[in-house]
Amino acid sequence: MYDSPMRKLIALLSVLAWALPTAAQDAYPSRPVRMVLPFPAGGPLDLLGRLAAQKLSEQWGSPVVVENIAGGTGSIGANAVARATPDGYTLLVTVDIPLTMYAAIARSLPYDPEKSFKPIASLARSDNGLFVNAALGVSSVAELVAQARKAPGKLTFSSAGIGSPAHFGGELFKVIANVDMTHVPYKGAAPAMSAAVSNEVSLMFGPIAQGLPHVKSGKLRALGVTGPDASPLLPGVKPLVEQGFPGRWSSTPTR
Amino acid sequence: MAPAGTPDAIADKVRAGLKQAMSDPALRERLSNAAIDPVWTEPAELMKALAEDRKRWSELAKRANIQSPS
């Protein structure tokens, strides 16, 4: 039977349309992929992002380039990805904050934490420790609670700023342990931890890796961890949930 | 995360690449030493957890009067 050229063309086009997704996947990546980290270089997220980017570059034989776009509690970098062309050449690796805590308090968010992103996976989790200054003289969460109840509002906790994870952590502790403590915001995680180390504040819910050296030097005591399991870096320090303080202490992981 | 609208085939390829990367023993050790626990979570479960966290942090923010400084 005679096939018109047009018919052939239509047949060919439909084959191409079906073949395109596979071809796109095979060809990807054909140029450098940008991996946005919405926080400054140097922290735990930066380590994770850089290691993952290096492994992807090796696997694909094509560069995956890390770009730190910090500011606005992660919302500036997250927004840059939300606005990028959705072609796989811009990826976001972030902790949950710009999609959870910050989204919960932001007056206006430039992206929709639910609809602006396509989830790839969650790669890891990173939990906090409850660190108290050694001079406080408490060696368990129960003793800390007893001391807090004796003088409501007298104990203080530091954080990297209003709405930061340590702020939420301290407020959550107040609710779950039914105590009153006073929040003291600092400008960043490092000064917040220094304040706990120098006894400017009584305690802090801080990253385990950050508090660990001060526990070793004896300036801080680790009373508990926010994760579901003990941390191998703090042997013998039990999760808060195992010390009579039920609840979901930690967010879901670094993503 | 990728921008919404990223083709499934490409997201799948990135996911497979990351899964392989995260199974590397040397990488896992470096993360563990930095108190990062390499636990893998698939996208559906991740989105569910994020939605739950948003809800519970919103509730806590209201209760504790945590307001964004900017």
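The exercises below work through a predicted model, one region at a time.

Local features need pLDDT of at least 70 and side-chain atom pairs count only at pLDDT 80 or more, while totals for chains, interfaces and linings use all residues. Residues are numbered from 1 along each chain as its sequence is written, chains are lettered from A and ligands numbered from 1 in the order in which they are written, and side-chain values use heavy atoms, with hydrogens and water left out.

**Exercise 1. Chain A as a whole**

Task: State how many helices and strands chain A has, and what percentage of chain A is buried.

Solution. 
Step 1. Helices (H or I, at least four residues) and strands (E, at least two) are DSSP runs, numbered from the N terminus. Chain A has eight helices and nine strands.
Step 2. Buried means under 20% relative accessible area, exposed over 50%, and partly exposed in between (1.4 Å probe, protein chains only). Of the 255 residues in chain A, 51% are buried.
Step 3. Contact means heavy atoms within 4.5 Å. Among the contacts in chain A with a separation of 6 or more, 67% are between residues 24 or more positions apart.

**Exercise 2. The surroundings of A:S158**

Solution. 
Step 4. Beyond four places in sequence, the residues in contact with A:S158 include A:A166, A:Y186, A:A195 and A:M204.

**Exercise 3. Strand β8 of chain A**

Task: Which strands pair with β8(A), and in which sense? Why is β8(A) described as largely enclosed?

Solution. 
Step 1. Two strands pair if DSSP finds at least two bridges between them.
Step 2. Strand β5 of chain A (residues 128–133) pairs with β8(A) in the antiparallel sense over five bridges. Within β8(A), A:F205 is the bridge partner of A:L130.
Step 3. β6(A) pairs with β8(A) in the parallel sense, over two bridges. Here A:L203 in β8(A) stands opposite A:F157.
Step 4. β8(A) is largely enclosed by the rest of the structure because four of its five residues are buried.

**Exercise 4. Backbone angles in the loops of chain A**

Task: Where does chain A have a cis peptide bond, and what are the phi values of A:T73 and A:N199?

Solution. 
Step 1. The peptide bond from A:Y28 to A:P29 is cis, with omega near -10°. A:P29 sits in the loop between α1 and β1 (33–37) of chain A.
Step 2. A:T73 is not a glycine, yet its phi is positive, about 50°. This residue is in the loop between β2 (64–68) and α3 of chain A, and at 36% relative accessibility A:T73 is partly exposed.
Step 3. A:N199, also a residue other than glycine, has a positive phi near 65°. A:N199 lies in the loop between α7 (189–197) and β8 (203–207) of chain A and is partly exposed at 40% relative accessibility.

**Exercise 5. Where chain A meets chain B**

Task: Describe the interface of chain A and chain B by area, by residues and by polar pairs.

Solution. 
Step 1. Buried area is the accessible area (1.4 Å probe) that two parts lose on being put together, summed over both. Chain A and chain B bury about 5,600 Å² between them, 68% of it on carbon and sulfur atoms.
Step 2. Chain A gives 64 residues to the contact and chain B gives 53 residues.
Step 3. A salt bridge is a side-chain nitrogen of Lys or Arg within 4 Å of a carboxyl oxygen of Asp or Glu. Three salt bridges cross the interface, and one of A:K55 with B:D24 spans 3.5 Å, N to O.
Step 4. There are 16 residue pairs in polar contact between the chains, both residues at pLDDT 80 or more. On the side of chain A that touches chain B, α2(A) gives the largest share, nine residues.
Step 5. β4(A) and strand β1 of chain B (residues 2–3) run antiparallel and are joined by two bridges. A:K118 stands opposite B:A2 in β1(B).

Technical notes. A polar contact is a pair of N or O atoms within 3.5 Å; within protein, one must be able to donate a hydrogen and the other to accept it, and residues adjacent in sequence count only if both atoms are side-chain atoms.
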